[in-house]
Amino acid sequence: MQRIQSLLILLCTPLALTATTLAQGSDDCSTATPLSGFGTFAVDTTTASDSPQQSSCPTTHRDVWYAWTATQTGSVSFTTCGGVTADTVMAAWPGPGCPLPGTSLACNDDSCGLQSSISFLATTGNVYMFQLGGYGAGTGYTGTFAIGMQSGGGCGTNIGPDVIVGNVTDVGNTTAAAGLDAISLGTDACNIGTAVLSWQANNNLHPVIGSTLYRYKVVNGAGRFEELGMSWLKHAFAAGAGSTCCTCQGGSGGGLGVGCSDVYGSGLNGNQSS
């Protein structure tokens, strides 16, 4: 069943990690350091040089390469969050062997502060090239990165179409009238399922987006949430092809593709004609 989560939520993706493995990375993609499975791995870019740049991804300096073999099928996360203090850039490519221009599976500059995080759908037994470097010219560093299988509502793990609100983008505050205040929330919807989600205007083959506002209050020593207001439902009318939650597998317009996201700002969600 197609569903909408219209809550203000923090998306936390647990990673199944093992002990740190010695794997510093290779300066040349043709001799990439082999990895498999999941865990926390060492990285050292202090003596690396710059690889030829790929126009589809952020510029990466003093980068190193790994050839990672997937041991499970599903959505995989690569991250330097919490493992490196430098400004990192990372990308994943189909392997084995050095990547071809324009074939990146995912790439990222800043995800958690100046550190990076990406996710993509992996298949058991396939080899993927992982590139990790720095944003600034001459930026070298040591630290760790983590590879984990996303679970608990991760990308590509729920059979069929499955739409959630992956991010609340902004808040619109309408001028108060008759003592009443009205707000609207901007939403970025993600299809974390395994099938394209119908997203057609002017019929019932599209999701609707609602929101509810709560406040947290302590009463007689006990905490509780109090409902302050509930929205009408915004009817979706055209799908985008972003990668807010997952790596978009293609599709837009009348269908939200697997792994794809579609954003509506607070002004559009608050437009009563929608």
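Predicted model: local features only at pLDDT ≥ 70, side-chain atom pairs only at ≥ 80, totals over all residues.

1. Start with L35: its bridge partner in strand 3 is W68. Strand 1 (residues 33-36) shows T33 and L35 on its covered face, while P34 and S36 sit on the uncovered one. Strands 1 and 3 run parallel where they pair, with four bridges between them, and strand 3 spans residues 61-69.

2. On to the cysteines: the disulfide count is four. One of them links C81 and C112, with S to S at 1.8 Å. Its S-S torsion is -100 degrees, making the link left-handed. The two ends are 31 residues apart, C81 in the loop between strands 4 and 5 and C112 in the loop between strands 6 and 7. C81 has 33% relative accessibility and so counts as partly exposed; C112, at 25%, also counts as partly exposed.

3. Next, C190 and C245, whose sulfur atoms are 2.1 Å apart in a disulfide. The torsion here is about 65 degrees, so this one is right-handed. Because C190 belongs to strand 11 (residues 180-191) and C245 to the loop between strands 16 and 17, the bond ties together parts 55 residues apart in sequence. Both cysteines, C190 and C245, are buried.

4. Finally, C248 and C260 form a disulfide with sulfurs 1.9 Å apart. A torsion of about 75 degrees means that it is right-handed. C248 sits in the loop between strands 16 and 17 and C260 in the loop between strands 17 and 18, so the parts tied together are twelve residues apart in sequence. C248 and C260 are each buried.

Terms used: Residues numbered from 1 in each chain as written. Heavy atoms only, no water. Buried < 20%, exposed > 50% of the residue type's maximum accessible area, 1.4 Å probe, protein only. Pairing = 2+ DSSP bridges. Disulfide = S-S within 2.5 Å.
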